[in-house]
Each structure stands twice: as C-alpha cells, then as structure tokens.
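Please keep the sequence and the 3D view at hand while reading.

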Amino acid sequence: MKHRIIVRYSNKKDMNPALTIHLNRCITAALEAQGVHVPCEINVLVTDDDGIHAINLATRKVDSATDVLSFPMFQFVPGSFPEDVSDMLDPQTGLLPLGDMAISLERAKDQAHRFCNTLKREIGYLTIHSVLHLLGYDHLDEGEMKRQMRIREEIIAAQLGITRG
C-alpha cells in the first residue's frame, strides 16, 4: 500500500533522513495493524517544545508544550475502520486524508532519557500513538478506551521491534 506521508521539520538542524524513514515505517505499520487498506495521506511536523507549545495554544488553548499532537480529519470508531471510505477520498489524489500530527523532538529526547528508552522507541511510540488518534482512539479518561489504546500501541511497537528499554 502506498501512503503519502509528508514529513516536515520546523528546524533544519533536526532534518534527519533516518528519522523520516522511521516515521514512515511506524505510520505504515500502525495503519496496517489497524486494518486500513486504502492509501492514506498524513502530514507530520517534527518540531521542538516551543513549536508544539505554539500549536497547542493556538489549536487547543493549552498553554504548554506536549510530546505529540494529533489532528484527525474524520471521526472513526476505534478499532473499526470502515469498509467503504470512497466518499472520504480526496478527489484529486485518490488518497484518504487522515489528518496531521506534530511531534516535539525535544520532548521525545527528554522522555527517552527519563523512561530509559531509545529515541527510536520514543519517537516510534509517539508516532503510533498519534496514528491511533487519527483512527478514532482517545484517552481522555483512565478507563477502557485508554487501556485499549495502550494495548494497541504496545502490540504495534512490538511488531516493529521497538520495545521498552
């Protein structure tokens, strides 16, 4: 399946072909694991804490940095990707525009250090987490939805070989 994954870096010094490949690999694996069998488009912004703080403030009115933000184009039922999405496809590209994500590379580096993970694991986990948000998963409370999302994140990460520690 050929997805269009557009990765942009807000800081040229952070541009890294290996990171771009890793992001693509994680997104593709998460989509496949969730049964998404239609070519999709996802935009990814790799930024720093200041950049994600500005996005968080502008879009959610939250005055702080975070690790990852997700902006789904559609509201899907978690774990139940629709069979027919033909009415959702972009008529110009034929792709399903799933949405956008922003990842703070600065925050990911800090969390990798704090959680004794590799940066590859942390970025991978945040990317998978964001894709699941684009596909309808959420974790606003500490209940069943959060548990279901965490299980999916760990299964997909394990399939990619990016386990903890």
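A crossing is called left-handed if the near helix is turned anticlockwise from the far one by less than a right angle, and right-handed if clockwise. The model is a predicted one, in which local features need pLDDT of at least 70 and side-chain atom pairs count only at pLDDT 80 or more, while totals for chains, interfaces and linings use all residues. Residues are numbered from 1 along each chain as its sequence is written, and side-chain values use heavy atoms, with hydrogens and water left out.

**Helix pair** (helices are DSSP runs of H or I with at least four residues, strands runs of E with at least two, numbered from the N terminus)

- The crossing of α4 with α5 is right-handed.
- The contact (heavy atoms within 4.5 Å) brings residues of α4, including Tyr-125 and His-133, against residues of α5, among them Arg-150 and Leu-160.
- Its residues divide into seven nonpolar (Ala, Val, Leu, Ile, Met, Phe, Trp, Tyr, Cys and Pro), two polar (the others, Gly among them) and five charged (Asp, Glu, Lys and Arg).

**Pocket linings** (lining residues have an atom within 4 Å of a point on a 1 Å grid, in an open set where a 1.4 Å probe fits, with protein on both sides within 12 Å along at least five of seven lines)

- β3 gives the most to the lining of the largest pocket, with five residues, and that lining comprises eight nonpolar, seven polar and three charged residues.
- In the second largest pocket, α4 provides the largest share of the lining, five residues, and the residues lining this pocket include Arg-121, Tyr-125 and Arg-150.
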